[in-house]
Amino acid sequence: MSNFPKLNLRVAKILTSMSSMRSPVKVRQVGDPVLRNIAKPVDKDYIQTSEFKKLTDTMVKTMRTSKGVGIAAPQIGESLQVFAMEFPEKNLHALRKRGIKEEILQAMELSAFPLKIFINPEFQVVDSTVTEFPEGCVSIPGFKGIVPRYRAVELQATDVDGKEISWKVYGWPARIIQHEIDHLNGTLYIDKMKPETFENLYWKLNA
């Protein structure tokens, strides 16, 4: 299990605060049964419908409005196996502007990637090294906790064009994938976090 320097945790805390404190009303909150159900697979014929396009558009809009880096369909009340994730260059720029050094971002394997939508996703672990970073969630706004995750995974899924795809990722994107697939299985980060690290961000900001 890897232990990271305090500066790396500082980066993760900034990312957590960006994604967990501006949740719009549309996001289902912890306690809603839909967040604890195992989501249903998406039929391939449904992927090409206008209804599904509306669903994914709503997911992306909600994710961006809430300043999140990922969102799963159950978080907007649809128990389907689909999630979106995005970490644009402007997020990296924001971290650099806050004084985070490049070598720290590299140590975290934190890199930008464009919007991606995955349907019926599964992953395989390609590096079983366990890393620990704080995570937040728009379904549990204002809190964070340190969660152990595998360093690298290979994702297999269907894209919005109905094509089978795979994506091998390390570091921060791999963490997001594991977090979002947990949502599809009715699991929240609070189920996997180190309980003693659970923290109220509002309390810290107002202290």
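1. Pairing of S3 and S4. In this predicted model, strand S3, spanning residues 113-135, pairs with strand S4, spanning residues 143-158. The sense is antiparallel, and twelve bridges join the two strands. Within this pairing, Phe 133 is placed opposite Val 147 of S4.

2. Pairing of S4 and S5. Strand S4 is also joined to strand S5, residues 164-170, by seven bridges. These two strands likewise run antiparallel. Ala 157 faces Ile 165 of S5 across the pairing.

3. S4 and S5 form a hairpin with five residues between the strands. Gly 162 in this hairpin adopts a positive phi, near 85 degrees.

4. Pairing of S4 and S6. Strand S6 comprises residues 199-200 and pairs with S4 over two bridges, again in the antiparallel sense. Lys 144 has Glu 199 of S6 as its bridge partner.

5. Asp 57 in helix H3. Turning to a helix, Asp 57 belongs to H3, which covers residues 50-65. Is Asp 57 buried, exposed or partly exposed? The residue counts as partly exposed because its relative accessibility is 40%, a value between the cut-offs of 20% for buried and 50% for exposed.

6. Asp 57 and Ala 84. The separation between Asp 57 and Ala 84 is 27 residues in sequence. In space, their C-alpha atoms are 9.9 Å apart.

Terms used:
Residues are numbered from 1 along each chain as its sequence is written. This is a predicted model: local features need pLDDT of at least 70, side-chain atom pairs count only at pLDDT 80 or more; totals for chains, interfaces and linings use all residues. Side-chain values use heavy atoms; hydrogens and water are left out. Two strands pair if DSSP finds at least two bridges between them. Helices (H or I, at least four residues) and strands (E, at least two) are DSSP runs, numbered from the N terminus. Buried means under 20% relative accessible area, exposed over 50%, partly exposed in between (1.4 Å probe, protein chains only).
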